[in-house]
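Reader: I've got a structure open and would like to learn how to read its features. Can you walk me through it?

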Amino acid sequence: MTTPLADVASSDATLRAFLHGLPGVDRVGADQRAAMLGTRSIKTTAKAEAIDLAIRMVDLTTLEGADTPGKVRAMCAKAVHPDPSDPSVPKVAAVCVYPDLVALAVDALAGSGVKVASVATAFPSGRSSLDVKVADTALAVAAGADEIDMVIDRGAFLSGGYSKVFEEIAAIKAACARPGGEHDAHLKVILETGELATYDNVRRASWLAMLAGADFIKTSTGKVQPAATLPVTLIMLEAVRDFLAATGRKVGVKPAGGIRTTKDAIKMLVLVNETVGEGWLDPDWFRLGASTLLNDLLMQRQKMATGRYAGPDYFTLD
Amino acid sequence: MFEYAPAPESRDVVDVKSSYGLFIDGEFTDGAGAAFKTINPATEETLAEVAAASEADVDRAVRAARRAFGTWSAMPGSERAKYLFRIARIIQERSRELAVLETLDNGKPIREARDVDLPLVAAHFFYYAGWADKLGHAGYGPDPKPLGVAGQVIPWNFPLLMLAWKVAPALACGNTVVLKPAETTPLTALLFAEICRQADLPPGVVNIVTGAGETGAAVVNHPDVNKVAFTGSTEVGRLIARSVAGSGKKVTLELGGKAANIVFDDAAIDQAVEGIVDGIFFNQGHVCCAGSRLLVQESVADELLEALKRRLSRLRLGDPLDKNTDIGAINSAEQLARVRELSDIGEAEGAERWSPACELPGRGFWFPPTIFTGVAQSHRIARDEVFGPVLAMLTFRTPAEAVEKANNTPYGLSAGVWTEKGSRILWMADRLRAGVVWANTFNKFDPTSPFGGYKESGYGREGGRHGLEAYLDV
């Protein structure tokens, strides 16, 4: 990359010149590559390893208007001990909740090693003023969130207001800081790829978020379909790979929404393995945002160990 | 590292017999020639012994085909279509068995046999079944007639698919056939013979004679053959053209290629890399239309080469029956020797050779995916068809130079153009002298699309409406 990246963000025009200068994405070819990787056959020992890795990568999520302290506490218990009958099951990476429930989750997970992520910035639409978005983020950060999942302003992105999107991300990044020497909150930037519609836009939005300081780029809110498809995840993985090569800074990827089965999760891991390699096969760099996926992983894990499927009532519903 | 555990397809799904006969007049019979062995190129294990057809055997087959031609050609097209539809359906039902057998005999990865070869084979039969009762609307007059007996000789790279390309249009048009599969890959053709019986195809409509070059020559030179169709090397194609000259036989030849895959600086780079890999490493490069010459615009050459090398390092070479294998075995010791020889010449002529670190199995015929850089038009690896997993990379500066270099070959079977600019695709396609020009993709086949070459890549077209012409008296 020969463009001096520092100057790229000075205006809509410079951002446009840079983002539109990235190589295009051919939809047919990208779909085909993702579909081909979806045919990989992961069996026996490889499957067992993949299931445990996938569990460790799960961001166990509840983002409903009906969320209550009881619901969040139950989910936190599940995050630490996904399968009460089997202590060898690893913990998940994080739980993901709304800002007002962060303090409760922090309390429930204290000392467990499971992180607390909070959505913020007028999630899921992002349709509010920057002040409100920053305040929303500050609320979650002050409550002890380890990670902030923000949404970008898709309207601004689609109308060419790239610098507005950039500045918002940078402002939220600043709001993630904890000046007192504590760890800053990690910033995950949700692109809502289902609303960006084209793969070219997904690539551009990925770069825009990374340039503005994202620690992670995330596909979707889970409220819009299509959400975390294989091709979209493929394009975002290519973007973090190329961004690392261009800048030396490594960014994580989180597909979220629509990943429901072990098969779906393993396809994601294959995609990571064959696109960016083992450097991203770690919960620090790749997460799976999901709610129902975990029980399917547990069911398949038990099947691998015992040779039999247990009924759904043998796995807890939280 | 996320290592994939072995995921082999079961070879128990196919019953490989210890010996196979010729298929003549609806029956399996012995051949008078010296029987030969066919091996699994991935292990060098003998799979079966196969009868060799002598000249007399071929004569029996042609006479059977001639007898069958009377009833088959007189049958209404709608009736012939029923047989073809039935064959297509049986192929789909038995596709797993056919795919495993193809992989065992040919060495190609099961993923390709399963996901590319077999679906296309069935699609070809379905497509031409649909034409059988509509020949009057194909643009060759109201009632075009078949030619008679078709002698067909096919190669070892896509054994069953090439059979489908030849047999399906021939039968749809009302011809009968005598087909010779390649010496190293006869087994799926013989399983196809079994399928013909299962479909109750009248005896003699399809005859399969196995053997080496002499058997092929006997088929081509038989005086009662009306049509010769050959897919294979340009060298043998020349011999055939010479031997049938003046005989009145109708001929189509689908021969070699040295396709240019042209990448412009505005291409979708990640997808172009996939297309380049698919273009040359699909089926170990044993593809006549393989994109064996990569022409890259100089301004993106370094970037593209780096991406290509990274991608090649992730190709999985090994057991063709493993569902996760990308690169299988070279089909024969003879072909491996040729790939090695041309690669050594490439190095000797000054091109730089690169392969990813890649462990080759101890037994069988293997060649790692290989890229040559610093290649000039005058190098033999830029001129000769290697027919293996070997890519020659050259650069260009302007679209005109790309066209000039792409066309500067005795072949003209296919070409690929990679650019996000639609107008440039059309500009290039107008100027490239190649039978197929793929835009932002490569090695895409469809029964509705005609396929064939310019210049030394042969003549005649197979597939689509155009493919009917070769089997009609027009």
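Reader: Which residue does UniProt list for "active site"?

Author: UniProt positions are given in the numbering used here, with shortened feature names, and annotations may be inferred rather than shown by experiment. The unreviewed UniProt entry lists Glu254(B) for "active site". Keep in mind that this is a predicted model, where local features need pLDDT of at least 70, side-chain atom pairs count only at pLDDT 80 or more, and totals for chains, interfaces and linings use all residues. Residues are numbered from 1 along each chain as its sequence is written, while chains are lettered from A and ligands numbered from 1 in the order in which they are written.

Reader: Is Glu254(B) buried or exposed?

Author: A residue is buried if 20 or more other C-beta atoms lie within 10 Å of its own, exposed if 12 or fewer, and partly exposed in between, with C-beta atoms placed from the backbone. Glu254(B) counts as buried because it has 28 other C-beta atoms within 10 Å. It sits in strand 10 (residues 250–254) of chain B; helices (H or I, at least four residues) and strands (E, at least two) are DSSP runs numbered from the N terminus.

Reader: Which residues is Glu254(B) in contact with?

Author: Contact means that two C-beta atoms, placed from the backbone, lie within 7 Å. Setting aside neighbours within four places in sequence, Glu254(B) contacts Thr231(B), Cys288(B), Gly452(B), Gly453(B), Gly458(B) and Glu462(B).

Reader: How do I read the sheet with the order 1-5-4 in chain B?

Author: Strands of a sheet pair through backbone hydrogen bonds, either parallel or antiparallel. Two strands pair here if DSSP finds at least two bridges between them. This open sheet of chain B has 3 strands and mixed pairing. Strand 1 (19–20) and strand 4 (36–40) of chain B each have a single partner strand, so one side of each lacks a neighbour in the sheet. Strand 4 of chain B runs antiparallel to strand 5 (residues 45–50) of chain B, joined by 5 bridges. Phe36(B) stands opposite Val50(B) in strand 5 of chain B.

Reader: And the domains of chain B?

Author: Domain bounds come from an automatic or database domain assignment. For chain B, that gives domain 1 (11–255 + 454–469) and domain 2 (260–439). Their C-alpha centres lie 30 Å apart. Across the boundary, 21 residues of domain 1 of chain B are in contact with 27 residues of domain 2 of chain B. Helix 4 of chain B gives the most to the domain 1 side, with 3 residues.
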